[in-house]
Amino acid sequence: MGKKSVSILSSKHLLDCKIYEILKRKYDVSLLNICAYNERQSKFHKSLVIDCNTEAMVLSTETLLELFLLLGEERIFCFLDDLYRDINERNIRTFFVSLEDIVEGEYILSSQEFYLKLKECEQYILNKIKRDKICTILYFDTVYGASDRGDIYDNKKYRFELKTLKPVLVDFVALYIYDHLFDTNFENDIDIYEYLEGKCNDGKEIRYRQKHCIFGLVYKNKPEDLYCHKRIAELRLELGEALAKTIPESVVERLDYISPVPNTGAYYAMGLSSKMQVPYKQVLIKKDVNERSFGLAASNERKLFLWNKIIPIPELIEGKIIAIVDEAIFTGTTLKIVCEMLWECGAKEIYLCIPTPPCFYHCNYLVHPERKMLLEYLNFDYIKKYFKVTDIYFQRQDVFEEFNLSLDKEACMECFYGK
């Protein structure tokens, strides 16, 4: 059975991006950019919703604000009518995130009149979809949190000085939708503060840790992205070069070449290859470079994904002694399958080279999907046997820690070291 399909009507701000990031762990999620609105036909591109077999949709006050700015007061109601027809015809399950206040970037609502018009638009669409009993509305004041782009929203400015707002960590909102999107018994109106009772005090610590998390450097961010004012590609090359010091000369002399697990391992492998002067060859190809396996919550889904997406080149593998480089060992799913592929293609020896230390702990700050890391249940002494490799080499902890703290003195590395 395939994954359920979800569409997020997106303004690409903090809330939408965080919901997308978390929902894609379990669902087939598409971001519907509101700029896809067709001005000439005054109609939403129905194919974006209908043709992708959407079963659920998420939208928010934040998105309505973008639409209001894009379309103006008159045309936005035509858009909302078109959107409602799409939702109603397909009986699409809808989550609407209703924020009392929006405080992101230049879109601070400073005008009482403008705010009331925005809320009128919100009520207009809610009255329609709520009437058909296919909508859940999440009510709360506003959000704060760290985004993938590296910035952070503290909600220091509010629309009305005399109003006391209770901001909610954006991750908590996204996780509620993740858990309840397809509930068979659902309520129309949800006060998220009841759901979050006892959790709100954790939000600031989570946001702080996410801001300083090294996961973007290690895995998540793209090579061209900036991290602490340096390119990710450059930093991964440096970590690959540093890893060379842990590999015995006797092993280096026997290697035919170094190859990355696509695609995150590439720059680490290049750095290692350059430092050890061992040829770099790509013996594994990934079909779609935009899809990532780590973000999938279910182990079986990740395994199926990897078997379908990674293609070995047997002619470059048979009879060869290969050092395989991957960014880290979190769950071990990727490397386990890669090693099986290499042995099936006739590899003579396999060495695993990891430019990070062993990862012993699951992230407590909502960066990773909820699942155990391999070394939480597997004794470290058995790791070589588990992967069925000739040997395995990790980055030294002191080297890794010094490297990260030189970039960010508050860097969070708890998944590697614990508290």
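Helices α9 and α11 cross in a right-handed manner, a crossing being right-handed if the near helix is turned clockwise from the far one by less than a right angle, and left-handed if anticlockwise. Helices here are DSSP runs of H or I with at least four residues, numbered from the N terminus. The model is a predicted one, in which local features need pLDDT of at least 70 and side-chain atom pairs count only at pLDDT 80 or more, while totals for chains, interfaces and linings use all residues. Residues are numbered from 1 along each chain as its sequence is written, and side-chain values use heavy atoms, with hydrogens and water left out.

Helix α9 spans residues 232-243 and helix α11 residues 266-276; the two pack at an angle of about 45°, their axes 7 Å apart. Axes are lines fitted to C-alpha atoms over the stretch in contact, and angles run from 0 to 180 degrees between N-to-C directions. The angle makes α9 oblique to α11, a label for whatever is not roughly parallel (under 35 degrees), roughly antiparallel (over 145) or roughly perpendicular (65 to 115). On the α9 side, Ala233, Arg236, Leu237, Leu239, Gly240, Glu241 and Leu243 meet Tyr267, Tyr268, Met270, Gly271, Leu272 and Lys275 of α11, contact meaning heavy atoms within 4.5 Å. By class, eight of these residues are nonpolar, two polar and three charged; Ala, Val, Leu, Ile, Met, Phe, Trp, Tyr, Cys and Pro count as nonpolar, Asp, Glu, Lys and Arg as charged, and the others, Gly among them, as polar.

Leu14, Leu15, Lys18, Ile19, Ile22 and Leu23 of α1 touch Val170, Asp171, Val173, Ala174, Leu175, Ile177 and Tyr178 of α5. This contact comprises 11 nonpolar, no polar and two charged residues.

Helix α5 is largely enclosed by the rest of the structure, because nine of its 11 residues are buried, that is, under 20% relative accessible area with a 1.4 Å probe and protein chains only. The largest nonpolar core has 77 residues, of which Leu23, Val58, Val97, Leu138, Phe140, Val173 and Ile177 touch the most other members. Helix α5 (residues 170-180) gives the most to this core, with eight residues. Such a core is a set of buried Ala, Val, Leu, Ile, Met, Phe, Trp, Tyr and Cys residues joined through side-chain atoms within 4.5 Å. Beyond its neighbours within four places in sequence, Leu138 is in contact with Phe95, Phe96, Val97, Ser98, Val173, Tyr176, Ile177, Ile190 and Ile192. Another core, of 28 residues, lies apart and includes Ile310, Leu335, Val338 and Met341.

Definitions and conventions:
Buried means under 20% relative accessible area, exposed over 50%, partly exposed in between (1.4 Å probe, protein chains only).
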